[in-house]
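Here are my notes on the model you sent over, point by point. Have the viewer open while you read.

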Amino acid sequence: MSEFDGRVAFVTGAASGIGRALALAFARAGSRVMLADIEGDALDTAVGEVRRTGADARAVRCDVSSEASVEEAARRTVEAFGAVHIVCNNAGVIVGGRAEEIAERDWEWVLAVNLMGVVHGIRAFLPRMRSQGQGGYIVNTASGAGLFTPGMLGPYSASKFAVVGLSECLAAELVGTGVRVAVLCPSFVNTRIFDAQRNHPDCSERRGVEAPEKADPLSAMLPLLQSGMEPERVADRVLEALRAGEFYIFTHPEMRAVCEQRHANLIAAFESAERSFALGRAESKKAGA
Ligand SMILES: NC(=O)c1ccc[n+]([C@@H]2O[C@H](COP(=O)([O-])OP(=O)(O)OC[C@H]3O[C@@H](n4cnc5c(N)ncnc54)[C@H](O)[C@@H]3O)[C@@H](O)[C@H]2O)c1
């Protein structure tokens, strides 16, 4: 019997891409699933697909950038299923461009969905999970862009670095509680993420990456996205990693070289500090020599 059998999974961004694949994977592993998303029609389609696996699945319209909306989704999840054991804070959006040129409203939107969405998920669900006393998992979707950044993704990278940091913090806070935390850091996955503008609050005034008004940095990366990993493989990897008790869930081992380079840069910066005259280190070493 699967350890997810009979458990209750709540997934945000469940109408598309990685979230939809997670909902299906938990359903196939025997979980009951609450799918949450801001897009109503796509959500109806996705919950239908999950039900066809034979699972007990429900759907709730939810805007993760709204604390009240996530709280209501948590209330309805527990009302429907009696408990909640797996929370996937997965919904996300992206904009590309130079940090100084991206509109303040776009900065706020990306941070509100990608960072505050995770915060709202934690605040709404964690107290319920703690008081149930049945353990469980919080799985936060960050990104490879939360570990290193190629540039032109300021709000996105800032939000994803923040989700990695928040997840590390939460893991420390939850030691011994039976609730485990994991942070998912994929590289390119073949989803609709570059068409995230469809969910922008000013959507009617904007155009997606499929019809950019001018050269959009996301357009240049579109072939990489479309040839990326299929979301189903990412979801299978998440369940495998949770079973194995992994905290960082990596899906693209080829990211290792860029992470190693970043870590080498960090270590080199410590070595500079150790040699620093301003910090008095070089002089004290000389004095001690
Ligand atoms: N696709 C990739 O290459 C990739 C790589 C790394 C990380 N990620 C992350 O994976 C997560 C899922 O994205 P995806 O790639 O499946 O994209 P996707 O666009 O296919 O799915 C994202 C889902 O989030 C929903 N959503 C958007 N705003 C929302 C809001 N305010 N409230 C609730 N739901 C909202 C969308 O309606 C959509 O169903 C995101 O956090 C993304 O940053 C994606």
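**Ligand site and strands**

1. The ligand is surrounded by 31 residues, with Ser16, Asp37, Tyr156, Val189 and Thr191 the closest; a residue counts as near if one of its heavy atoms lies within 4 Å. Before you go further: this is a predicted model, where local features need pLDDT of at least 70 and side-chain atom pairs count only at pLDDT 80 or more, while totals for chains, interfaces and linings use all residues. Numbering starts from 1 along each chain as its sequence is written, and side-chain values use heavy atoms, with hydrogens and water left out.

2. Now the polar contacts (pairs of N or O atoms within 3.5 Å). Ile18 puts a backbone N or O atom 2.8 Å from a ligand oxygen, and Val64 has a backbone N or O atom 2.9 Å from a ligand nitrogen. From the side chain of Arg198, an N or O atom sits 3.1 Å from an oxygen of the ligand. Of the 830 Å² of accessible area that the ligand has on its own, the protein covers 98% (Shrake-Rupley, 1.4 Å probe).

3. Which elements give two or more residues to the shell around the ligand? They are helix H1 (17-28) and H5; helices here are DSSP runs of H or I with at least four residues, and strands are E runs of at least two.

4. On to strand S5 (residues 136-141). Six of its six residues are buried (under 20% relative accessible area, 1.4 Å probe, protein chains only), so S5 is largely enclosed by the rest of the structure. Gly136, Ile138 and Asn140 point one way, and Tyr137, Val139 and Thr141 the other.

5. S5 runs parallel to S4 (residues 86-89), joined by four bridges (pairing takes at least two DSSP bridges), and Ile86 stands opposite Tyr137. With strand S6 (residues 179-185), S5 pairs in the parallel sense over six bridges; Thr141 has Leu184 as its bridge partner there.

6. S4, helix H4 (residues 104-132) and S5 form a right-handed β-α-β unit, and so do S5, helix H5 (residues 154-173) and S6. Right-handed means that, with the strands pointing away from the viewer, the path from the first strand over the helix to the second runs clockwise.

7. Have a look at S1 (residues 8-12) too: five of its five residues are buried, so S1 is largely enclosed by the rest of the structure. Five bridges link S1 in parallel to S2 (residues 32-37), with Phe10 opposite Met34.

Definitions and conventions
Buried means under 20% relative accessible area, exposed over 50%, partly exposed in between (1.4 Å probe, protein chains only). A polar contact is a pair of N or O atoms within 3.5 Å; within protein, one must be able to donate a hydrogen and the other to accept it, and residues adjacent in sequence count only if both atoms are side-chain atoms.
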